[in-house]
Amino acid sequence: MKRPPNLWIDSVYDPGVDPGSLATFVLNYGNTGGFESAASILNTFPPEVVYVGSETDPPVPVNADPQGGWAEWDIGPLADGETGVVTVTVAEAAGSLRPA
């Protein structure tokens, strides 16, 4: 009997980023269940930031909002116990600068 996949994802970030600086966070993902043939990640960003880029394998998202509001990565197959990382960089959105 085939076990269903049990996909998980979490994020790690530094909440102490200075206004106007680039911020980087990490999306950790994996599978603790049966084989998944087509995993993907869709990340929607808060309006205060825009997507700048990412480091992963594949290195670029398969889809991204031209205004930087979201990005989607095609992770592909994930076997039981397999994990991965997507490192994402965002910038403060124009007009969202906080007062000093």
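Let's start at the largest pocket: 24 residues line it, and those nearest its centre are Asp14, Val17, Ala23, Val49 and Val90. What do we mean by a pocket? On a 1 Å grid over the protein atoms alone, a pocket is an open set of points with protein on both sides within 12 Å along at least five of seven lines, and a lining residue has an atom within 4 Å of a point.

Before going on, a word about the model. It is predicted, so local features need pLDDT of at least 70 and side-chain atom pairs count only at pLDDT 80 or more, while totals for chains, interfaces and linings use all residues. Residues are numbered from 1 along each chain as its sequence is written, and side-chain values use heavy atoms, with hydrogens and water left out.

Back to our pocket. Its volume is about 480 Å³, where a volume is the space filled by probe spheres set on the grid points, which are joined across faces, edges and corners. The lining splits into twelve nonpolar, seven polar and five charged residues. Here Ala, Val, Leu, Ile, Met, Phe, Trp, Tyr, Cys and Pro count as nonpolar, Asp, Glu, Lys and Arg as charged, and the others, Gly among them, as polar. Which strands supply at least two residues each of this lining? They are β1 (7-13), β2 (23-31), β3 and β7 (83-92). The one that gives the most is β2, with four residues.

Now let's step back to the whole chain. It has zero helices and seven strands; helices (H or I, at least four residues) and strands (E, at least two) are DSSP runs, numbered from the N terminus. The C-alpha trace spans about 60 × 25 × 20 Å along its principal axes. Of the 100 residues, 34% count as buried, meaning under 20% relative accessible area, with exposed being over 50% and partly exposed in between (1.4 Å probe, protein chains only). Contacts mean heavy atoms within 4.5 Å. Among those between residues at least 6 apart in sequence, 72% join residues at least 24 apart.

Next, a sheet. Strands of a sheet pair through backbone hydrogen bonds, either parallel or antiparallel. In our model, an open sheet of three strands runs in the order β3-β6-β5, with antiparallel pairing; two strands count as paired if DSSP finds at least two bridges between them.

Seven bridges join β3 to β6 (residues 70-78). Glu36 has Leu78 as its bridge partner in β6, and Ile41 stands opposite Trp73. On the other pairing, two bridges join β5 to β6, and Ala64 stands opposite Ala71. β5 and β6 form a hairpin with five residues between them, and Gly68 in the turn has a positive phi of about 85 degrees.

Asn43 is in β3 (residues 36-44) and is buried at 13% relative accessibility. Leaving aside neighbours within four places in sequence, Asn43 is in contact with Phe25, Leu27, Gly69, Trp70, Ala71 and Trp73. Glu72, in β6, is partly exposed at 23%. Not counting residues up to four places away in sequence, Glu72 touches Ser40, Ile41, Leu42, Pro61, Val62 and Asn63.

Last stop: the aromatic rings. A pair of aromatic rings is described by the distance of the centres and the angle of the planes. Rings of Phe, Tyr and Trp (its six-membered ring) pair if their centres lie within 6.5 Å; planes under 30 degrees apart count as stacked, over 60 as edge-to-face and the rest as tilted. The count here comes to three aromatic pairs. Phe25 and Phe45 have ring centres 6.3 Å apart and planes at 65 degrees, so they are edge-to-face. Because Phe25 lies in β2 and Phe45 in the loop between β3 and β4 (49-55), this pair ties together parts 20 residues apart in sequence. Phe25 is buried at 14%, and Phe45 is buried at 7%. Phe45 also pairs with Tyr51: their centres are 5.7 Å apart and their planes at 15 degrees, so this pair is stacked. Tyr51 is buried too, at 15%. Ring pairs link Phe25, Phe45, Tyr51 and Trp73 into a cluster.

Technical notes:
1 Å grid on protein atoms, 1.4 Å probe; cavity = no way out; pocket = protein on both sides within 12 Å on 5 of 7 lines; lining within 4 Å.
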